[in-house]
Amino acid sequence: MSSQTDQKAVTILGIPFINCTRSDFETTIINRITQRQNTFVVTANPEIVMYAHAHPDYAALIQSADYVVADGIGIVIGARLLKTPIKERITGYDLFEDLLDWGSQHQKSAYFVGAKPQVIQKLRDVVKKRYPGLVISGTHDGYFTDETEIIKDIKRTDPNMVFVATGYPKQEQFIQRHRTATSGLWMGIGGSFDVLTGTVKRAPATWQQLHLEWLYRVIKEPTRISRLMVLPKYLWQIVRQKYTKKR
Ligand code: UDP
């Protein structure tokens, strides 16, 4: 991981997580955007870590990112169990909102790729209204077969930030293939366009404070329950990492 070596990282099952506060991380990212440094941020939860654990190519891809942030209480708990605590959980959605806000205040530009056609259409209106100073370089839904035109458009508009919300592993693979198209920030942010447009509701603040967002999502979308089955396997692997380290 190129830039993470600047600041201490916490390694969980081979994935190095940045260990700083959200505010410090945002300062770092904003400086890099301002200096037009190409930056790839992965927002990883236990599902992503376990997917990487099972797919070496994807693990290598994540390790090639500039920063991996702890998006998910499972990562924070894992770090604590390994006795290498992480300072703060940094969610992709919070970063997304804060960067849009900063971009609006400083007349920066952003490109949005992901979500269903009706969602990305709504996103344009929501962003225009809520972040009026931000330049929308372009948008594209996440259900494409040919990415050539999207990349051409990104190259032509040269945005400061590219947000890719097609879910893992697609979004990270897309970023790895195309991150040199512009020298800005590239970040994969899962279902964030659905949340910003109100298509999917984020958990109320109290649930978030209690770190129960994952439970709220399962209650709202019961089909997601199968995705939680990865958690016991993840915790088991953490225990194994701890034991292996001690020996
Ligand atoms: N998505 C997409 N293209 C695809 C598959 C999914 O753009 O081929 C979008 C989907 O519409 C949703 C997001 O990717 O907006 C994934 O959301 P999810 O909540 O599953 O993300 P995660 O839990 O991984 O953050």
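Q: Is Arg179 buried or exposed?
A: This is a predicted model, in which local features need pLDDT of at least 70 and side-chain atom pairs count only at pLDDT 80 or more, while totals for chains, interfaces and linings use all residues. Residues are numbered from 1 along each chain as its sequence is written, and side-chain values use heavy atoms, with hydrogens and water left out. Buried means under 20% relative accessible area, exposed over 50%, and partly exposed in between, using a 1.4 Å probe and protein chains only. Because the relative accessible area of Arg179 is 15%, Arg179 is buried.

Q: How far apart are the closest N and O atoms in the salt bridge between Asp66 and Arg179?
A: Side chains of opposite charge can pair when their charged atoms come close. A salt bridge here is a side-chain nitrogen of Lys or Arg within 4 Å of a carboxyl oxygen of Asp or Glu, and for Asp66 and Arg179 the closest N and O atoms are apart by 2.8 Å.

Q: How many residues apart are Asp66 and Arg179, which link distant parts of the chain?
A: Helices (H or I, at least four residues) and strands (E, at least two) are DSSP runs, numbered from the N terminus. Asp66 sits in the loop between H3 and S4, whereas Arg179 sits in the loop between helix H8 (170-178) and S8, and their separation in residues is 113.

Q: What is the N to O distance in the salt bridge between Asp66 and Arg32?
A: Asp66 is buried, as is Arg32, and the relative accessibility of Asp66 is 4%. The side chains of Asp66 and Arg32 meet in a salt bridge with an N to O distance of 3.8 Å.

Q: In which helix do Arg156 and Asp153 both lie?
A: Arg156 is exposed, with a relative accessible area of 62%, and forms a salt bridge with Asp153 in which the closest N and O atoms are 2.5 Å apart. The two residues are 3 residues apart, about one turn of the helix, and that helix is H7.

Q: What is the bridge partner of Gly114 in S7?
A: Strand S5 (residues 109-114) and strand S7 (residues 161-165) run parallel and are joined by 5 bridges. In S7, Gly114 has as its bridge partner Ala165.

Q: In which strand is the place of Trp186?
A: With contact meaning heavy atoms within 4.5 Å, and leaving out residues up to four places away in sequence, Trp186 touches residues including Phe40, Ile154, Val164 and Arg179. Trp186 counts as buried because its relative accessibility is 0%, and its place is in strand S8.

Q: In which helix does Leu235 lie?
A: Leu235 is partly exposed, with a relative accessible area of 36%. Together with Ile77 and Leu81, Leu235 makes a nonpolar surface patch of about 210 Å²; such patches are made of residues with over 30% relative accessible area and no salt bridge, like charges being joined within 9 Å and nonpolar side chains (Val, Leu, Ile, Met, Phe, Trp, Tyr) within 5 Å. Accessible areas come from the Shrake-Rupley method with a 1.4 Å probe, and for residues only the protein chains shown count as cover. The helix that holds Leu235 is H13.

Notes:
Pairing = 2+ DSSP bridges.
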